Amino acid sequence: MPRPLPSHPFDDDKLREECGVFGVIGVADAANFVALGLHALQHRGQEAGGIVSHDVQAGFQSARRFGYVRDTFTSASLMETLPGPLAIGHVRYSTAGSKGQTAIRDVQPFFGEFAMGGAAIAHNGNITNADALRRELIERGSIFQSSSDSECIIHLMARSLQRTIPERMEDALRRVEGAFSIVAMTRTKLIGVRDPLGVRPLVLGQLGDGHVLASETCALDIIGAEFIREIEPGEMVVINADGIESHRPFRPKRPRFCIFEHVYFSRPDSILGGRSVYETREAIGRELAKEAPVEADLVCPVPDSGTPAAIGYSLQSGIPYAMGIIRNQYMGRTFIEPTEQIRNMGVRLKLNVNRALIRGKRVILVDDSVVRGTTSQKIKEMILDAGAAEVHFRIASPPTAWPCFYGVDTPNRDKLLAATMSEEEMRTHLGVDSLRFISLDGLYRAVGEAAGRNPDEPQYCDACFSGEYPVEPADMIEKGFRLKAAE
């Protein structure tokens, strides 16, 4: 079947989150709520999705499908095969495993039968020592069914000597390096875990007498669940009919939440760290206007991710905000054979310039990031073709010069524009009148760190900007990746 395009109009030039997770316990037809939650998390993964449920009579049941949730998990006949008051789900991109070539066996949640019963697991993040773990497990007799790093957790649980499934999960995760926010289930329990650094998000909600775990608060909103709190870094919660137990199975570490969740990954209507993502992105725009002012007539967002920052830039600078670029809201699947000629028209299929507004104007374009720079060039050409007098790019994140190894689909470092060019070289390459990125200190101030970044103890994971990795990417180093200190 045809694969859906990512919802952001520039699928070839954006960092993409690996996945979203969601789980419900204690409500009738839990799988229906999971489907709704996954729909709200669709921005975190659009290649495929899966749901596992449990019912006393039917036992464990699962369904895994390619494509959008709205196209796959809305069939009544399918949802009737997923009965019970307990279910978890997952939406994914293929960062780990067969990148860009997802097989159905790679689609989560993964399920395993243990001596004390079955368990399913859905993982957001990336295991940085997965290759070494996989080799060890295969040598000891494990047979892998997928190419996903997440399957290592199931095999480690199977080999644990602990008595209960939560204890086996704790035992397995102590062997794992990298980033993980996990939603798992047994026959009677819903389990949520975050890695000690808390790189990826995970929240707890309440729905009537039941409970919910989700990657973001926007997924609680869609089912009418009440937000309770965030699962803390290094915490495991075990939820059953008797209530919620909180465990601390890992050695405490200073948290390093992914700062790019504030910039782009999370939905603007979500709450992170007690703060609205939308308000944070508007604050980023205000900070950017202070750091990089320029005389112009209009501030225009690159839709949709640049919108809150553009509004903030406009409010701070006093330059009028305008929708100079209009996105085609119905651009989902490709509707004609993608010949080379049509591929070259790709941006225009997704975006169109508001010519009457742009003609003769000095335009500031605000975007969330520049990765390869290919899209920025195309947008600049469209703006100039529409008659703009000047084009100024303002970017609501620092230059992305390093790949992410914690659950984000990032190009190799030599494909990142900022890894090979200075800011002025990038400006010349893109052919714009000016180009400025928010500073790393400015980004920290915008997300609430008034003093900026602490270089000795950074408050967030900002490796994609700084090259300072809080967890050493062991597998990638083994393959030849060089850390910043080695250059």
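**Close-up views of a predicted model**

**View 1. Parallel pairing around strand β21.** Strands β18 and β21 run parallel and are joined by 4 bridges; two strands count as paired if DSSP finds at least two bridges between them. Helices (H or I, at least four residues) and strands (E, at least two) are DSSP runs, numbered from the N terminus. The structure is a predicted model, in which local features need pLDDT of at least 70 and side-chain atom pairs count only at pLDDT 80 or more, while totals for chains, interfaces and linings use all residues. Residues are numbered from 1 along each chain as its sequence is written, and side-chain values use heavy atoms, with hydrogens and water left out. Leucine 298 stands opposite valine 363 in β21. β21 also pairs with β22 in the parallel sense, over 6 bridges, and here valine 363 stands opposite valine 391 in β22. From β21 the chain crosses through helix α14 (residues 374–385) to β22, and this β-α-β crossover is right-handed; that is, with the strands pointing away from the viewer, the path from the first strand over the helix to the second runs clockwise. Because 5 of the 6 residues of β21 are buried, this strand is largely enclosed by the rest of the structure. Buried means under 20% relative accessible area, exposed over 50%, and partly exposed in between (1.4 Å probe, protein chains only).

**View 2. Helix α10 and its cover.** In helix α10 (residues 307–317), the buried residues are Thr307, Pro308, Ala309, Ala310, Gly312, Tyr313 and Ser314. Their cover includes α9 (277–291), β18 (298–301), β21 (362–367) and β22 (390–395). Glycine 318 follows α10 and has a positive phi, near 80 degrees.

**View 3. An open antiparallel sheet.** The sheet consists of 6 strands in the order β6-β7-β8-β9-β13-β14, with antiparallel pairing. β6 (110–114) and β14 (243–247) stand at the edges with a single partner strand each, so one side of each is left without a neighbour in the sheet. From one strand to the next, the twist averages 20 degrees; axes are lines fitted to C-alpha atoms, for helices over the stretch in contact, and angles run from 0 to 180 degrees between N-to-C directions. Within this sheet, strand β9 (residues 190–194) and strand β13 (residues 236–240) pair over 4 bridges in the antiparallel sense. Valine 193 stands opposite methionine 236 in β13.

**View 4. The hairpin of β3 and β4.** Strand β3 (residues 48–55) pairs with strand β4 (residues 59–66) in the antiparallel sense over 8 bridges. The hairpin joins β3 to β4 through 3 residues. The bridge partner of serine 53 is glutamine 61 in β4.

**View 5. The salt bridge between glutamate 478 and arginine 135.** A salt bridge is a side-chain nitrogen of Lys or Arg within 4 Å of a carboxyl oxygen of Asp or Glu, and the count by this rule comes to 26. The side chains of glutamate 478 and arginine 135 form one of them (3.2 Å, N to O). Glutamate 478 belongs to helix α19 (residues 474–478) and arginine 135 to helix α4 (residues 130–139), so the pair ties together parts that are 343 residues apart in sequence. Glutamate 478 is exposed, with a relative accessible area of 54%, whereas arginine 135 is partly exposed at 40% relative accessibility.

View 6. Glutamate 261 and arginine 200 meet through their side chains in a salt bridge (3.2 Å, N to O). This pair links distant parts of the chain, with glutamate 261 in helix α8 (residues 260–265) and arginine 200 in the loop between β9 and β10 (203–207), 61 residues apart. Glutamate 261 is buried, with a relative accessible area of 0%; arginine 200 likewise counts as buried, at 0% relative accessibility. A network of salt bridges links Arg44, Arg200, Glu216 and Glu261.

**View 7. The salt bridge between arginine 436 and glutamate 423.** The side chains of these residues meet at 3.6 Å, N to O. Arginine 436 lies in strand β24 (residues 434–437) and glutamate 423 in helix α16 (residues 423–430), 13 residues apart. Arginine 436 is partly exposed, with a relative accessible area of 32%, and glutamate 423 is partly exposed, with 31%.

Note on methods: Contact = heavy atoms within 4.5 Å.
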